[in-house]
Amino acid sequence: MEEVVAQKKQFFIFEPSVHKIKLCNKKQGLLYFNLKITRPSGRVKDYSVVYRIVKDSSHSKWILDDYPFLNVKSQNIDVKYFKDVHDQALLAINYGNRIIDNYNKLFKWNPNQVKIKIFSTLDQISTSIPCFTTYGWSEEKESIKILVPHYTKEKTKIFLQMLTHELSHKMLSNITNDNASLWLQEGLAVLLEKSFIFKGNSINFSASNSENYVKKVLKDVGYTLLSLSELNKLDYRSGHEIYNQGFLLVYFLFSKYGLQKLDNIFKNLKEFNYINSRTQCKLKKLNARTNMALVQNLDNYDDLHNQLKTFYLKYT
Ligand SMILES: [Zn+2]
C-alpha cells in the first residue's frame, strides 16, 4: 500500500479489479485479480494474478491471504515459492545460508530469519509490490522478491547473482538502520553480486572477481565518472546510472580504503535514527547521512573525485 501511495505521488495510476472468485471449500478459495498500471508517460501494463482467500478466525468473513505459495524453511531463511520454480527455492536455501555466512564474516551480519519470495511470472512480482516492471526487490521490513525471467539462459547463475544482490540490500539495510543512500545500496549489491563465484557446493569471494565487470562498466559509462554531488542528484528512476556509477565508487572505496573503512562508514550510518518510509521517499536524507559518514571516515574527502579519477586511469 505504501508503495502505491509513493508512486501515486509520482503520477502513476493504479486500477485494481476483481475478475472472479472460486471457492475451493468452506475455508479457502481463489480470487482472480487484475491490476492496470499506467505510467506517467502513458504506457500501460495489465497484470492478472490469483490470490488465496481464507475464512478469518471467527469464520465469519473471507480475507485476502497471499499468493498460493509453497513454503520451505531453514534456520536462517524462509522461502515462499511457486511450484515451477521449486529448484530455485532449493538453491535459495542451499546457497542463501552460505551467502549469509559470508556476509556475517565480512560485515558481521547475523540476521534472524530472512524471508524470500520467488515468483514465476512478471505479473505476480509486479502486482505484489506493485510496480510497473521489476525482477528483484528489497525494502526494509519486507520479503526479498525475485523473478528470473523465463527467457533467461543461465537460470541458476542468474538466480544466484540475484540472490546475492538482494541479500546484500537486506544486509546493508539492517546494519545501517536503512540509512545508506541508493548509490551505496546498489553499488555494494553489484560489487558483491559480481565478486562471489559459485562452483559446485563452494563459494569463493574476492573483489578481484569483479575486475572484468569494472572494465565493462567503465566502457558503458564512456569513462565518465560522476562526482558524489552529481550522484546525489540522481533519483531512483535513473536505475542504470545509479547501478553503474554506484558500483564504480564502491569498488574504488573497497579497493583503496578496504573493508574495515567501509565497515566504519556503515557503523556511523547506524547511529542515525531509522526513518520509517520507502527509500525513494527518504532519498535526500539518506544522501546527506551517507555524505556525513564519508566525511567522518575519509581523510581526504574533499579530494575524493580526483582520487576516483586517478584510480581508474589504469583502466583507460
Ligand atoms: Zn538492487
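Me: What distance separates the centres of domain 1 and domain 2?

Reply: This is a predicted model, to start with. In it, 29 Å separate the two domain centres, taken over C-alpha atoms.

Me: Where does each domain run in the chain?

Reply: The domain assignment puts domain 1 at 2-64. Domain 2 is given as 70-315.

Me: How many residues of domain 1 are in contact with domain 2?

Reply: 12 residues of domain 1 are in contact with 12 residues of domain 2.

Me: Which elements supply the domain 1 side?

Reply: α1 (2-9), β2 (28-38) and β3 (44-55) each give at least two residues to the side that touches domain 2. By class, that side has 7 nonpolar, 1 polar and 4 charged residues.

Me: Switching to the core. How many residues are in the largest nonpolar one?

Reply: The largest nonpolar core has 54 residues. I116, I118, I146, L163, L167 and V250 have the most contacts inside it.

Me: Which elements give two or more residues to this core?

Reply: The strands are β6 (77-81), β7 (114-118) and β9 (144-146). The helices are α2 (86-107), α4 (155-175), α5 (182-195), α8 and α9 (283-297).

Me: And which element gives the largest share?

Reply: That is α8, with 11 residues of this core.

Me: Let's zoom in on L163. Where does L163 lie, and is it buried or exposed?

Reply: L163 lies in helix α4. L163 counts as buried because it has 26 C-beta neighbours inside 10 Å, and the cut-off for buried is 20 or more.

Me: What does L163 touch?

Reply: Leaving out residues up to four places away in sequence, L163 touches A92, Y95, G96, I99 and I146. L163 and I144 are 19 residues apart in sequence, with their C-alpha atoms 8.7 Å apart in space.

Me: I146 came up there. What does I146 touch?

Reply: With residues up to four places away again left out, I146 touches I116, I118, G136, M162, L163 and E166.

Me: Back to helices. At what angle do α5 and α8 pack?

Reply: The angle is about 75°, and the axes are 7 Å apart. That makes α5 roughly perpendicular to α8, since angles from 65 to 115 degrees count that way.

Me: Which residues meet there?

Reply: From α5 they are L182, W183, L184, E186, G187, L188, V190 and L191. In α8 they are I242, Y243, Q245, G246, F247, L249, V250, Y251 and F254. The contact has 13 nonpolar, 3 polar and 1 charged residues.

Me: What about α8 and α10, at what angle do they pack?

Reply: Helix α8 (residues 239-270) and helix α10 (residues 304-312) pack at about 85°, with axes 11 Å apart. They are therefore roughly perpendicular to each other.

Me: Which residues make that contact?

Reply: α8 brings L249, F252 and K256, and α10 brings Q307, L308 and F311. By class, this contact has 4 nonpolar, 1 polar and 1 charged.

Me: Staying with α8, is S255 buried, exposed or partly exposed?

Reply: S255 sits in helix α8. S255 is partly exposed, with 14 other C-beta atoms within 10 Å. S255 and E166 are 89 residues apart in sequence and 22 Å apart in space, C-alpha to C-alpha.

Me: Now backbone geometry. Which peptide bond is cis?

Reply: The bond from I129 to P130 is cis, with omega near -15°. P130 is in the loop between α3 (122-128) and β8 (136-137).

Me: What is the phi of D178?

Reply: D178 has a positive phi of about 60°, although it is not a glycine. D178 is in the loop between α4 and α5. D178 counts as buried, with 23 C-beta neighbours inside 10 Å.

Me: And what is the phi of Y223?

Reply: Y223 has a positive phi too, near 60°. Y223 is in the loop between α6 (211-220) and α7 (228-233). Y223 counts as exposed, with 12 C-beta neighbours inside 10 Å.

Me: Last one. Where does Q75 lie?

Reply: Q75 lies in the loop between β5 (70-73) and β6. With 10 C-beta neighbours inside 10 Å, Q75 counts as exposed. The C-alpha atoms of Q75 and I93 are separated by 9.3 Å.

How values were computed:
Residues numbered from 1 in each chain as written. Predicted model: local features only at pLDDT ≥ 70, side-chain atom pairs only at ≥ 80, totals over all residues. Axes fitted to C-alpha atoms, helices over the stretch in contact; angles between N-to-C directions. Helix = DSSP H or I, 4+ residues; strand = E, 2+ residues; numbered from the N terminus. Parallel < 35°, antiparallel > 145°, perpendicular 65-115°, else oblique. Contact = placed C-beta atoms within 7 Å. Nonpolar A, V, L, I, M, F, W, Y, C, P; charged D, E, K, R; others polar. Core = buried A, V, L, I, M, F, W, Y, C linked by C-beta atoms within 7 Å. Domains from an automatic or database assignment.
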